[in-house]
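Please read these notes with the model open beside you. They go point by point.

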Amino acid sequence: MSKSNLTRRKFLQDSTIIAGGLIIPFSVPAGNRKTVLADGADGTKFITQNAYLHIGTDNTVKILLAHSEMGQGVWTTMPMLIAEELDCDWNNIKVEHGPAGAPYIHTAFGIQLTGGSTSTWSEFDRYRKAGATARMMLTQAAADKMNTTPDKCKTENGYVISASNKKLSYGEVAEAAAKLPPPSDVPLRDPSKWKYIGKSKRRLDTPEKINGTAKFGMDMQFPGMLTAVVAHPPVFGAKVKSFDASKAKAIPGVQQVVEIPSGVAVLADHYWEAKLGRDALKVEWDIDPAKAIDSRDQLDSYKRIASTTGVAAAKAGDVNAELSKGSKKIEAEYFFPYLAHAAMEPMNCTVLLSENSCEIWTGTQFQMQEQTAAAKVLGMKPEQVMVNTTFLGGAFGRRANKDNDYVVEAVHVAKASGKNVKLVWSREDDMRGGYYRPAFLHKVQVMPATDGKPGAWKHTIVGQSIMQGSPFEAMIQNGIDPASTEGISDSPYMKEIPNHLVELHSPVVNVPVLWWRSVGHTHTAFVMETMIDELAFAAKADPVEYRRSLLKNHGRNLAALNLAAEKSGWGKSLPAGHFRGVAVHESFGSSVAQVAEISIVNDALKVHKVTCAIDCGLAVNPDGVAAQMESGIIFGLTALLYGEITLEKGRVKQRNFHDYKMVRMNEAPVIDVHIVKSTEKMGGAGEPGTPPIAPAIANAIFAATGKRIRTLPLRPEDLKTT
Amino acid sequence: MVKLTINGKEHSVDVRPDTPLLWVLRDHLGLTGTKFGCGMAQCGACTVHLNGEAVRSCVTLVSRAAGQKVTTIEGLSKDNSHPLQRAWLEDDVLQCGYCQSGQIMSAAVLLRDHPNPSDSDIDQAMSGNICRCGTYQRIRNAIHKAAKLQKEGGVK
């Protein structure tokens, strides 16, 4: 049985202050927390057990999430962790997002954040402890009432049951329990006793998401609130020179037009009027031509930069000497464009502003960062700003904005207009709003050794730094942004290569960039896994066998690779015209291997099936892990087939789903997911499914056409078989 | 004033006639289950039924819906009992959920017209609805399941 080291002092420090006899979460203004502590209309009273858990007198168990539900399933996984220790009735669970506040700070990152595929493993102990602590206190309180001792009681389905079979519900003893001192020693259950962990649970957010009642940021409405639409500059960072609002103001329903740092906002009674108002607005922009970049020039400049010496990110042996020996050197240059997150729900934020407080309603992965940024704009203290997290209509990193862009913009509109506002971005605003996966160029030179394995590998990476100017800037060490090199400098292949050199260039470009589902691995996995494939073919080796020989010291990648190969029938015959490709990659603490089965008919690609295996250590909710693999694969497939943001004279060319396409139902392959039975350290699931799919398919395309793909997205000529 | 019948209830709305039905539903009537995704009939998040046919409400002017019958996700069933809603629940289809109102409304018309849809029927009917979370495989399986549930439960 494992034991936690949760001391009483630490617990109080983390989570609570005593107020009016009840414990309420630290940093949450008592009278201002309508959404979480509101008692039920039916007279139900909620009693806070700790920052993550409230129990109602009607036995409802209200669970507060430190992480945001953006599709990945924390709305279900976190309750599983609590229920595992609490012994509550699963059907009585209600879930809410926690506020911005100290108890909800990420256990590994030190700021409140949903990202990096970390929620489950980083909360694995904290949420179980929250459940276990409450169960101990409830048991003590019930034992006191039943004139017995806790050791003579058991807990089951929301009840404390005494040796003589008397029982009290959690709701009946919640108030007394909350007044007890939290225990200093909280034992957690042995895995052999687990009832929830490791068994698939259905999502708790489905009922409200299939009947229109789930509230996303876009759905917030308050009496008297106006809707704001903002005219943004055509080139990133350009400022307003002048504007003429007379035609906009003439549109019935338009109430106000105000200038803000990021553009000109039109406020109206409803979205449509605000949108028409913006269409009628005339704005002159002050554009610096030097900052109006062009994608084609950028590629040329990246090519030039790649031929110069960069900052070394990994180094072994003498790569230059080895590359000059022999004649079998393989050289390749890869290019990856900017990518938009294109979450289904365009960015939006609602701000209710009064003299001494500000209430924000938005879908965010970054509650405390938003709170601090909003307070700064308003000249308030952070605790005067309340951040209410709604459901997120997709995020993929976009809603963890390092500049808090859409929240800051909404607060500026509220401040400049003096109105309560909902800022709504159109799809075009969203597509052209920046914060893309950075464009990257890779230049690779490899010399195979006599055994066909890579003997020397020189790798140059050129692309903007994401961490620069972000809350994680300190992660940049010696000029290396790990988000640019992850998956290469730490690749298990690289460790096996006696002579290698990885160099990085991080040019500064006037295009805002951000983490995009699986971040650096979106491009590094593609380069590594297609080049390894190329080397396997050069060595006349089977691509799976070749990888096995290089991964013999990396059991986790090997386990995923072997399982995917087995389940896909690797090496067995395929229908005529079908081809397979494989890739394996570790990211966010998990190893994922995928085998793609494709055909090319009339120069058109069809992905028939993807077999996927993941080693994520313990899978708390296995079906949730499978769902994330399916999701990550479609996400990566979209990038391979279509993803490309380009700029001309600083203007983003793409604007909506007709020219920034998404994979649709008719293009979606069958996906077969298998989870490695593993005792390895827990890893993530939200992102690791994305990196391997594009190289697996590119390798299958090579098998079909004999052509290597080096530029994404796919071009028609990549699929020509003649 | 535009008169509309939405989910069996009559409404009179004071709105300019060139307003898309989507914004009348969301901003004027508070029916926010119908979602804004693209504004140009590309993503299907705003799908509703106009006289029983699936339309993209973001490009359907309210004047076209005047006097007609509109059904939104809120009106599909009173208690999540529609075969599609039951299948969505059982199969854990959704993730972020933002597109799913539109997915379900498109699938409802498919299921009415093709009580036993083939995979290609599903491709045909559902390819106008984007899911950025990529839940397509589960949507496909759940539509097949809903077809069975519909048969077992009789046509409603």
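Predicted model: local features only at pLDDT ≥ 70, side-chain atom pairs only at ≥ 80, totals over all residues.

1. Local features are discussed where pLDDT is at least 70. Side-chain atom pairs count only at pLDDT 80 or more.

2. Domains of chain A. Chain A is split into three parts: domain 1 (2–205), domain 2 (217–288 + 347–424) and domain 3 (295–338 + 436–719). Note that domain 2 and domain 3 are each given as two segments. Between the centres of domain 1 of chain A and domain 3 of chain A, over C-alpha atoms, lie 41 Å.

3. Domain 1 against domain 3 in chain A. The contact involves 17 residues of domain 1 of chain A and 19 residues of domain 3 of chain A. On the domain 1 side, helix 3 (74–86) and helix 4 (119–145) of chain A each give at least two residues. What classes of residue make up the side of domain 1 of chain A that touches domain 3 of chain A? There are five nonpolar, 11 polar and one charged residues.

4. Chain A against chain B. Here 47 residues of chain A meet 44 residues of chain B. Four elements of chain A each supply at least two residues to the chain A side: helix 6 (206–209), helix 8 (271–280), helix 19 (622–641) and strand 31 (670–675). Helix 19 of chain A gives the largest share, seven residues. By class, the chain A side holds 23 nonpolar, 14 polar and 10 charged residues.

5. A three-stranded sheet in chain A. The sheet is open, its order is 8-9-10, and the pairing is antiparallel. Strand 8 (154–156) and strand 10 (167–169) of chain A are the edges. Each has a single partner strand, so one side of each has no neighbour in the sheet. From one strand to the next the twist averages 25°.

6. Pairing within that sheet. Strand 8 of chain A pairs with strand 9 (residues 159–161) of chain A in the antiparallel sense, over three bridges. Which residue of strand 9 of chain A stands opposite A:Glu156? The residue is A:Tyr159.

7. Helices on the sheet. Helix 4 of chain A lies across strand 8, strand 9 and strand 10 of chain A. Helix 4 runs at about 50° to strand 9 of chain A. Helix 5 (residues 170–178) of chain A also packs on the sheet and touches strand 9 and strand 10 of chain A. The direction of helix 5 makes about 75° with that of strand 10 of chain A.

8. One residue of helix 4. A:Asp125 sits in helix 4 of chain A. A:Asp125 and A:Ile633 are 508 residues apart along the chain, and their C-alpha atoms are separated by 29 Å.

9. Helix 12 of chain A. How far apart are the end C-alpha atoms of helix 12 (residues 405–417) of chain A? They are 18 Å apart, and this agrees with the 18 Å that 13 residues should span at 1.5 Å a residue. Of those 13 residues, 10 are buried, so helix 12 is largely enclosed by the rest of the structure. Among the buried residues are A:Asp405, A:Glu409 and A:His412.

10. A hairpin in chain A. Strand 4 (residues 46–50) of chain A has five of its five residues buried, so strand 4 is largely enclosed by the rest of the structure. Strand 4 pairs with strand 5 (residues 53–56) of chain A in the antiparallel sense over four bridges. Two residues join the two strands in a hairpin. In the pairing, A:Ile47 has A:Ile55 of strand 5 of chain A as its bridge partner.

11. Chain B. The assignment gives domain 1 (2–75) and domain 2 (83–151). Their centres, over C-alpha atoms, are separated by 21 Å. In chain B, 14 residues of domain 1 are in contact with 11 residues of domain 2. Strand 3 (47–50) and strand 4 (53–56) of chain B each supply at least two residues of the domain 1 side. Strand 3 of chain B has the largest share, three residues. The domain 1 side has six nonpolar, six polar and two charged residues.

Terms used
Residues numbered from 1 in each chain as written. Chains lettered and ligands numbered in written order. Domains from an automatic or database assignment. Contact = placed C-beta atoms within 7 Å. Nonpolar A, V, L, I, M, F, W, Y, C, P; charged D, E, K, R; others polar. Pairing = 2+ DSSP bridges. Axes fitted to C-alpha atoms, helices over the stretch in contact; angles between N-to-C directions. Expected span 1.5 Å × (residues − 1). Buried ≥ 20, exposed ≤ 12 C-beta atoms within 10 Å, placed from the backbone.
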